[in-house]
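Here is a short note to read beside the model. Please keep the sequence and the structure open while going through the points.

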Amino acid sequence: MRALKTDATYQADLFGRPHQAEMTAPEGFRHWAEIFSPEVEMDLVRHIAELPFKPFEFHGHLGYRRVVSFGFRYDYARRTIERSEPMAAFLLVVRRELAAVAGKPEAAFVQALINEYPPGAGIGWHRDKPQFDLVMDLSLLAPCVLRFRRAAGVKWDRAAVPLARRSAYLSTGPARAAWEHSITPLEALRYSITLEPCFSPHQNQVARRLAPRAPRGRPLCRAPLNPSESRWL
């Protein structure tokens, strides 16, 4: 992939850590523009707006973004995969189109997570749970910037990828297992539809081995310390 400049707006870290000046998009990351027409996008938005969203909950903290899951969901309290509601009909259409674009079997995507980002909401640095082999994501409404970082000694390797409305990306391999990603707080409403298959126990162990160590004294993921930081959940 082409090199992506790390703009100071995108690479600003909550903790002011040193970083590299420029990186390419991580290995295993693929991106497509204009997956759906504007008309299809608005039809999807109408369906999504009627869903029973709940605030994202992480170890007793409620996030500013809201979520709803289909097929399976990750229970943060139990650290397990739990069954959820069957996929809604409109999600089956999305799954078929995204699977075709990525060249993946449609039936492999057994879990769907829909995020609602109201103005001011974002998501802090994290890696997706190792129970999910790969991540396929569709962006709707407001654009955003997907930021990446990976521990590199006492510094961080970084990259940033703009996500336009109706674009999609596939994250697998090192991009999913070795890099963290985040989204800064948005200025307008955004929805994302994330599709994932489940890992086998063996793949789960491999993913954990791929996960990098943080620079000494610096955690890779920082849990929120107070409710005022909920916009990052």
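This is a predicted model: local features need pLDDT of at least 70, side-chain atom pairs count only at pLDDT 80 or more; totals for chains, interfaces and linings use all residues.

1. Residues are numbered from 1 along the chain as its sequence is written.

2. Length of helix α3. Helix α3 covers residues 89-102, which makes 14 residues.

3. Which residues of α3 are buried? They are F90, L91, V94, R95, L98, A99 and A102. Looking down the axis of α3, these buried residues fall within an arc of 160 degrees, and therefore they line one face of the helix. An α-helix has 3.6 residues a turn, so residues three or four places apart point the same way. On the face of α3 turned away from the buried side are the exposed residues A89 and A100.

4. After the helix. G103 follows α3, and its phi is positive, near 70 degrees.

5. A stacked ring pair. There are four aromatic pairs in the count. One of them is F53 with Y191: the ring centres are 6.1 Å apart and the planes stand at 20 degrees. Planes under 30 degrees apart count as stacked, so this pair is stacked. F53 lies in the loop between α2 (38-49) and β4 (54-58), while Y191 lies in strand β15 (residues 190-196). The pair therefore ties together parts that are 138 residues apart in sequence. Are these two residues buried or exposed? F53 has 9% relative accessibility and counts as buried; Y191, at 4%, also counts as buried.

6. Other aromatic contacts. F29, F148, Y169 and W179 form one aromatic cluster. A ring can also have a charge over it: the charged end of R149 sits over the ring of W156, 4.2 Å from the ring centre.

7. The structure holds 10 salt bridges. In one of them the side chains of R166 and E41 meet, at 3.0 Å from N to O. R166 is in the loop between β12 (155-163) and β13 (168-171), and E41 is in helix α2, so the pair ties together parts that are 125 residues apart in sequence. R166 is buried, with a relative accessible area of 10%, and E41 counts as buried at 1% relative accessibility. Both residues belong to a network of salt bridges that links E34, E41, R165 and R166.

8. A second link across the sequence. D137 and R190 also meet in a salt bridge through their side chains, at 3.8 Å from N to O. D137 is in strand β10 (residues 135-141) and R190 is in strand β15, 53 residues apart, and the pair links distant parts of the chain. D137 and R190 are both buried.

9. A salt bridge between partly exposed residues. E97 forms a salt bridge with R96, and their closest N and O atoms are 3.9 Å apart. E97 is partly exposed, with a relative accessible area of 32%. R96 is partly exposed as well, with a relative accessible area of 41%.

How values were computed
Side-chain values use heavy atoms; hydrogens and water are left out. Helices (H or I, at least four residues) and strands (E, at least two) are DSSP runs, numbered from the N terminus. The expected span of a helix is 1.5 Å times one less than its number of residues. Buried means under 20% relative accessible area, exposed over 50%, partly exposed in between (1.4 Å probe, protein chains only). The arc is that of the directions from the helix axis to the C-beta atoms. Rings of Phe, Tyr and Trp (its six-membered ring) pair if their centres lie within 6.5 Å; planes under 30 degrees apart count as stacked, over 60 as edge-to-face and the rest as tilted. A charge sits over a ring if NZ of Lys or CZ of Arg is within 6 Å of the ring centre and within 35 degrees of the ring normal. A salt bridge is a side-chain nitrogen of Lys or Arg within 4 Å of a carboxyl oxygen of Asp or Glu.
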